[in-house]
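Have your viewer open and follow along.

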Amino acid sequence: MTVPSTSGQASGGDFDKVLVLDFGAQYAQLIARRVREASVFSEIVARDITAAEVKAHNPTALILSGGPASVYAEDAYDLDPAILEMGIPTLGICYGHQAMAHVLEGVVAANDIAEYGRAELRDAAGGALFRDLPEEQVVWMSHKDAVVEPPAGFAVTASTSDSPVAAMEDPERGLFGVQFHPEVAHTEFGQEILKRFLYDVAGARPNWTHVGIIEQSVAAVRAAVGDGKVICGLSGGVDSSVAAAMVHKAIGDQLVCVFVDHGLMRHNEGVQVEDTFRRAFHMNLIHVDAADRFIDALAGITDPEQKRKIIGETFIRVFEEAAADLEDARYLVQGTLYPDVIESGTKDAAKIKSHHNVGGLPDDMKFDLVEPLRDLFKDEVRAIGAELGLPEEIVWRQPFPGPGLAVRIIGEITRERLDILRAADAIVLEEIRRAGLYRELWQTFGVLPAIRSVGVQGDGRTYAYPLILRAVTSDDAMTADWARLPYEVLERISSRVINEVPGINRVAYDISSKPPATIEWE
């Protein structure tokens, strides 16, 4: 059982809800984020959702996402036609626009020329979506097929040179479609177009605010756990810290935080966790030193999925043992976020990697989960943390994986490799902070592959590990770009790591983006 999160409250009517039907788009998560940036709650659901299932969600509006397929393909993603007859304001984007037209007997055809990238939208002054916006504006396209004739009852409200029906609407039925991507920053009035749909067409209330999220989450936790004891797996990272602060606000001393030192943390992190939560926030904190147990369990393991599952199960076993002395302790708080859930695999999102707190949990776990952040993106979590009064160094701490350095050592985990990576990683972060870049970067860290190469130091031959430096920029970790660090910063990091960390004789810089790579190496 998972204690209801904020979306559970949203479905109860406290927040208006927009359902994003995911037709396999690379931008589905971005659509959901843009809706939330307009202070309206959004939730991504499977493309094959039925009209009855839509009704059960009680949404204020629907958005049909883009997708890679053609509506005429044998394996095309179908839309339940009954959904369009429910009277719920609906916006189709790209493939969603085409699917809407196709279901309602409009004409979709393959263009002679595909539209990818920047396009000039024209004659966009009419209709509810373009009210008070320029007649000509730049939009972002990504399609081969296009709607060439709208369904009966629809008016064409914009076009481009290659898309005769770049936007259409049937306000009587509350149905709207756009061939371009308003959620992408390259569409210059994209957010304004989405707001017109959300506010003017659907009448959605902009009440998805940080204060509102906190209030509803606190109420949900209180209602779910009653007077029971709750354990929080506290790592000191922003996710578990905000989750702990949220639950502590709800139930106070019923919460006991368990900090498991698995021996896979960065330099001096254990001391920082103790200082912050026991001394500064006066929370009940149990410190469990389980480093030997985790490292022994990982001996000989090189497969990253095995590492994550071993760490996830060991975490739970340690929690169960810590809870044995706590009367009525049956709930476990975790800082699971929405991207964790998506990446661990859903019906419409292939599993990229199982997160230790999602896909790595054992089936026979004895706790009921409390996941107050499960429906939130990282930027929302940071804002809520600040609202709860957490210190800046925690709120803006760069993400650190739950399995710790175990997924930053490529190969078997040994104490020697952990010590080497810990020392090198500390230098990396010190130099990034010194350069004033820490807040600008999503993540910065070192990766230690279990290979060695020849080097020369002090006129002598060395045979040591390389350090892979990874630094990325991102908004939500769903996509990321490699950071263009200044050469002088790279030089200082390389020089210090090679000179100060025994066991490393070269530094390389990872210039891969996500996709196709992931941010972490494992």
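At roughly what angle do the axes of helix 6 and helix 12 cross? In this predicted model, the axes of helix 6 (residues 210–225) and helix 12 cross at roughly 80° and come within 10 Å. Helix 6 and helix 12 are therefore roughly perpendicular to each other, since angles of 65 to 115 degrees fall in that class.

**Around helix 12**

From helix 6 come His-210, Val-211, Ile-213 and Ile-214, and they meet Ala-383, Ile-384 and Glu-387 of helix 12. Sorted by class, the residues of this contact of helix 6 with helix 12 are five nonpolar, one polar and one charged.

Helix 7 (residues 238–251) also packs against helix 12 (residues 378–387), with the axes 10 Å apart and an angle of about 50°. Seen as a crossing, helix 7 passes helix 12 in the left-handed sense. On the helix 7 side, the residues in contact are Val-238, Asp-239, Val-242 and Met-246; on the helix 12 side they are Lys-378, Val-381, Arg-382, Ile-384 and Gly-385. That contact of helix 7 with helix 12 counts five nonpolar, one polar and three charged residues.

Which residues of helix 12 are buried? They are Lys-378, Glu-380, Val-381, Arg-382, Ile-384 and Gly-385. Among the elements that cover these buried residues are helix 2, helix 6, helix 7 and helix 13 (392–395). Just after helix 12, Gly-389 has a positive phi of about 90°.

Seven strands, in the order 3-2-4-5-10-9-8, form an open sheet with mixed pairing. Strand 3 and strand 8 (155–158) are the edge strands, each pairing on one side only. From one strand to the next, the twist averages 20°. Helix 2 packs on this sheet and touches strand 2 (17–22), strand 3, strand 4 and strand 5, while its direction makes about 160° with that of strand 3.

In which sense do strand 4 and strand 5 pair, parallel or antiparallel? Strand 4 (residues 61–64) pairs with strand 5 (residues 90–93) in the parallel sense, over three bridges. Within this pair, Ile-63 has Leu-91 of strand 5 as its bridge partner.

**A buried phenylalanine**

Now look at Phe-259, which sits in strand 12. Is Phe-259 buried or exposed? Its relative accessibility is 1%, so Phe-259 counts as buried. Leaving aside residues up to four places away in sequence, Phe-259 touches Leu-234, Ser-235, Met-265, Gly-270, Val-273, Leu-285, Ile-286, His-287 and Val-288. Phe-259 and Phe-319 are 60 residues apart in sequence, and their C-alpha atoms are 9.4 Å apart in space.

**Backbone details to check**

Most residues other than glycine have a negative phi, and most peptide bonds are trans.

| Residue | Phi | Relative accessible area |
|---|---|---|
| Ser-39 | about 65° | 22% |
| Asn-268 | near 70° | 42% |

Where do these two residues lie? Ser-39 is in the loop between helix 2 (28–37) and strand 3 (41–46), and Asn-268 is in the loop between strand 12 (255–261) and helix 8 (269–280). Ser-39 counts as partly exposed, and Asn-268 is partly exposed too.

The peptide bonds deserve a look as well. The bond from Lys-514 to Pro-515 is cis, with omega near -15°. The bond from Pro-515 to Pro-516 is also cis, with omega near 10°. Pro-515 lies in the segment after strand 21 (504–509), and Pro-516 lies in the segment after strand 21 as well.

Conventions: Residues numbered from 1 in each chain as written. Predicted model: local features only at pLDDT ≥ 70, side-chain atom pairs only at ≥ 80, totals over all residues. Heavy atoms only, no water. Helix = DSSP H or I, 4+ residues; strand = E, 2+ residues; numbered from the N terminus. Buried < 20%, exposed > 50% of the residue type's maximum accessible area, 1.4 Å probe, protein only. Pairing = 2+ DSSP bridges. Axes fitted to C-alpha atoms, helices over the stretch in contact; angles between N-to-C directions. Contact = heavy atoms within 4.5 Å. Left-handed = near helix turned anticlockwise from the far one by under 90°. Nonpolar A, V, L, I, M, F, W, Y, C, P; charged D, E, K, R; others polar. Parallel < 35°, antiparallel > 145°, perpendicular 65-115°, else oblique.
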